[in-house]
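Visitor: Got a model open here. Can you walk me through some of its local geometry?
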Amino acid sequence: MKIRNLRNTVWMYFVIFISSILILIWFAFVASLESNYKSMKTRDIVSIATYIMNGWNDNNFTTDKLDEIAYENNMCVLIENGLGYTLYSYDMMGNNCLIHGIYSFMLYRYRAEALNSPNGYYYAEVDNPQFNNETLLFVMVVGDKSTPDGFIYINTSLVPLKSTSDIIKRQVMWISIMFFLLGLGVAYLLARLIEAPIVRITRSAKKMAQGDYSVKFDGHGYTETEVLADTLNYAASEISKVDNLRRDLIANISHDLRTPLTMVKAYAEMIRDLSGDNPEKRTEHVNIIIEESDRLATLVSDILDLSKLESGNDELNLTEFCITDKIHEIMERYKLFSEQKWYKFIVTAEERFVAKADVVKMQQVLYNLINNAVNYTGEDKTVYITQIIKDKKTARIEITDTGDGIDPELLPLIFDRYYRAEKSKREVIGTGLGLSIVKQILKQHNYQFGVRSEKGVGSTFWFEMTGHIEK
């Protein structure tokens, strides 16, 4: 199992995410606890000092509320007038704070610090020697510093901070461990869920790589994997078709090449062994070799033409020409064939229709369709070539035979490579690629085309060209 597989990667990302969150919580909640605590104590001290300042000149000002505030905040408070006489005192430490009792001799120093400060107050973190702990000390001058009305002293202990911090750290640590373990489990389950459709698709892909194109890809779970599975199912279907086509192509090419090659070899041996000294027989055998060589050349030529058309490398040479004239011109070339083989070609193409297309390729389309009709027409040896003007801008060319027709289920296959209907008359030598070439040429021109057929009646191959009637 590779370390960087999907499941491990997703699991690792989740673990990193969970760890980052827990570390962030630890630093935000624990590491900053002390500074936040001191900030809160400072705000409380400033709040009490502000309360005293606001009530200093209020005749209704009482110390009851001040006692309550000092008690709730665990603070020692001392208020002196400008001459240093005590106006108010609240001691939470039994004369052991820094502003009462044995340490009150330091008040003169605190007053001096406040008077010398630019803003009129003195704030410091000072150790209390009696308890060996850290305390917050705050001194504020009331009134003008040159002639002060009084002084406010506030002292509070920071002793609970360490014990409170230790308790909170232990709690956060245990909670972090529990959440981390829970996160590992949840991350593993989520990684498995995310991985599952990919694993299913991968297994199916391995089967397809081994040649099993009937495999079905299952990507249910997520939209992306479902789209991927549908794409792969389509790809498997197309690859299956290509594979079948490849098998048919090899089989058909092997068959088509074997026959002429066998005949070429056989007649060459006959010339060597039997007819070499007989001019008449030798000429006959040489002609057969030439005919079979031509058949091989035609097959190779058709394969090359189709390959160029399918690859898109064969560009069109578009020119305007009269398709009606082209039909009549091609049918003139079938006159000798018609006289020798007793075929009838009935052409119906009256109005002259001009289209812009590749003349050579459209001529190839007509030849291939006519030859196909010759191969499969009925006993009457009749082929119909019809031009139909549909809407003055579209001409439909139909080539119809009177053969046995094509089964409806086989019609979609008729333009495939090497597909041949049964019972071909084979009067015109073909390679099985004619209709595939027709299909590619017409697709290249963006022309509509198709076939209709009725069993026992015959088949009609058609295509449509855009253009205009010649005036």
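Visitor: Which hand is the crossing of helix 10 and helix 11?
Guide: Left-handed. That term applies if the near helix is turned anticlockwise from the far one by less than a right angle; clockwise is right-handed. This is a predicted model, where local features need pLDDT of at least 70, side-chain atom pairs count only at pLDDT 80 or more, and totals for chains, interfaces and linings use all residues. Residues are numbered from 1 along each chain as its sequence is written, and side-chain values use heavy atoms, without hydrogens and water.

Visitor: At what angle do helix 10 and helix 11 pack?
Guide: About 145°, with the axes 9 Å apart. Helix 10 covers residues 359-376 and helix 11 covers 434-444. Axes are lines fitted to C-alpha atoms over the stretch in contact, and angles run from 0 to 180 degrees between N-to-C directions. Helices are DSSP runs (H or I, at least four residues), strands too (E, at least two), numbered from the N terminus.

Visitor: Which residues make the contact?
Guide: From helix 10, they include Met362, Val365 and Leu369. From helix 11, Leu435, Val438 and Ile441 are among them. Contact means heavy atoms within 4.5 Å.

Visitor: New topic. What is phi of Trp342?
Guide: Near 65°, positive in a residue other than glycine. Trp342 lies in the loop between helix 9 (335-341) and strand 7 (344-348).

Visitor: Is Trp342 buried or exposed?
Guide: Exposed, at 68% relative accessible area. The cut-offs: buried under 20%, exposed over 50%, partly exposed in between (1.4 Å probe, protein chains only).

Visitor: And what is the phi of Lys381?
Guide: About 50°, also not a glycine. Lys381 sits in the loop between helix 10 and strand 9 (382-389). Lys381 is partly exposed, at 24%.
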